[in-house]
Each structure stands twice: as C-alpha cells, then as structure tokens.
Amino acid sequence: MNYSVIVTDQGKSTEYQEIPSNQVLVTTTYVPDLSKAPAEASSAVAPTPDGLLAIVRSNCVGCHAFKAKATGPSFAAIAAHDPDHPATTDLLAKYIREGSTGLWGQVSMPPHPDLADEQARAMAQWIEKDAANPNMNEYVGTEGAIRMEAPATPGPNAGLILTASYTASSTDREPAPHGEATVILHGK
C-alpha cells in the first residue's frame, strides 16, 4: 500500500520542502482482531514512544534501518542481540552516547554526546522492547510503500493502525515540536 503524508507546522509544509521529510515517521501496527481486543487496539494508538521519537530526531536512521541491515545493524537485530534487562539497557545507552567499535563488524558507531542520558536510555529501551515487534513497522519520510504481512492468518476483524508523527529536530535539550495523526484500517 502506498502512502503520502503532508505535514504543516506554523505556516511551513513538507509539501514545499520547508519541513524536511526525514522528520516524519509512519508506524504501522497490525491488530489481529479489533472487535475482540479493544484494549490492544487502544494501546496501539498510544502516543509514539519518546525513545522512537529520539531515534528519528537524531541521525540514527542514517546508518540503521528498523528491520533491515544498513551500514549498521537493524534496530530489530540489536533487540534480538541485547535482551531487555537494565544492565544491557545501560550498556546500549552508553554505546549510543559514546560510540562503539567492533561490536557488529568493522564499522564504528560514532558518539552522540549531544544526547542527554535520558534520551539515550529511552532510545535503548525502545530498541530492546519494541524494535523486533513483528506486529509493527516503522518508515521515515513523507512517501513510500507499506508492506506488512500478518504474523498469522488474518481474521475478518483484523486491522492496521497507521500513525504519522512529525517530530522536529532540536538543537538544545528542550522538547522539540511534535504532532501525530492516526488512521485505523479495518479488514474484511
């Protein structure tokens, strides 16, 4: 399914390249049965996690993809490698802030000293908890194609929740502008 998102903020728009398209994140969440799982559906419409927003605001997606290998490992591969545990969260946050060498081959990850400790920790927590979720996919940019395969045979009430988030980069440690909109597609 192709998608196109237009973001406007304070008189500027992605349509006229006044807002960079890499400040737009589209997430898709597969819900097996919207009618039997209203709690699941409502939790999928929860605001975009701070860690994921911090990843989009930073330059992480320049080297890492969400599910596929790029210059660096995918966030899903990192999640599979590093279990969700406070010690590994702290270590991953340290690698995000200080950089690393030799963990995933010859390519070095540069340091990100501009990130606050809380931001790096939120990023590490999102990677460990959500990056490998087979029911979710993430896309950066205002246009693209969503390819999502149901993890199981979809029933008649399966649905797909699409959320487009706009999150501006911030040069200081103040919260950056953010907004989002959600659409729920019901299957038949």
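**Group meeting: a walk through the predicted model**

Let me start inside the protein: Asn137 is buried, with a relative accessible area of 14%. By buried I mean under 20% relative accessible area, with exposed being over 50% and partly exposed in between, using a 1.4 Å probe and protein chains only. Asn137 is found in strand 5, which covers residues 136-140. Leaving aside neighbours within four places in sequence, Asn137 is in contact with Val26, Thr27, Thr28, Lys67, Arg147 and Met148, where contact means heavy atoms within 4.5 Å.

Residues are numbered from 1 along each chain as its sequence is written, and side-chain values use heavy atoms, with hydrogens and water left out.

Okay, the overall layout. We have five helices and eight strands in the protein chain, and from the N terminus the order is β-β-β-β-α-α-α-α-α-β-β-β-β. Those are DSSP runs numbered from the N terminus: helices are H or I with at least four residues, strands are E with at least two. Of the 188 residues, 39% are buried. And if you take contacts between residues at least 6 apart in sequence, 64% of them join residues at least 24 apart.

Now to helix 2, residues 50-57. How many of its eight residues are buried? Six of them, so helix 2 is mostly covered: Gly51, Leu52, Leu53, Ala54, Ile55 and Val56. The cover includes strand 4, helix 3, helix 5, strand 5, strand 7 and strand 8.

Let's look at one of those partners. The axes of helix 2 and helix 5 come within 7 Å and cross at roughly 110°. That makes helix 2 roughly perpendicular to helix 5. On the helix 2 side, the contact uses Asp50, Gly51, Leu52, Ala54 and Ile55, and helix 5 brings Gln119, Ala122, Met123, Trp126 and Ile127. For the geometry, axes are lines fitted to C-alpha atoms, for helices over the stretch in contact, and angles run from 0 to 180 degrees between N-to-C directions. Under 35 degrees counts as roughly parallel, over 145 as roughly antiparallel, 65 to 115 as roughly perpendicular, and the rest as oblique.

Next, helix 4, residues 86-98. Its buried residues are Thr89, Leu92, Ala93 and Ile96. Seen down the axis of helix 4, they fall within an arc of 100°, so they line one face of the helix; the arc is that of the directions from the helix axis to the C-beta atoms. As a reminder, an α-helix has 3.6 residues a turn, so residues three or four places apart point the same way. The buried residues of helix 4 pack against helix 3 and helix 5.

Finally, some loops. Asp33 sits between strand 4 and helix 1, and it counts as buried at 19% relative accessibility. Beyond its neighbours within four places in sequence, Asp33 touches Asn157 and Ala158. Gln10, in the loop between strand 2 and strand 3, is exposed at 77%. Gln17, in the loop between strand 3 and strand 4, is exposed at 65%. Neither is a glycine, yet phi is positive at about 50° for Gln10 and about 55° for Gln17.

Note on methods:
Predicted model: local features only at pLDDT ≥ 70, side-chain atom pairs only at ≥ 80, totals over all residues. Expected span 1.5 Å × (residues − 1).
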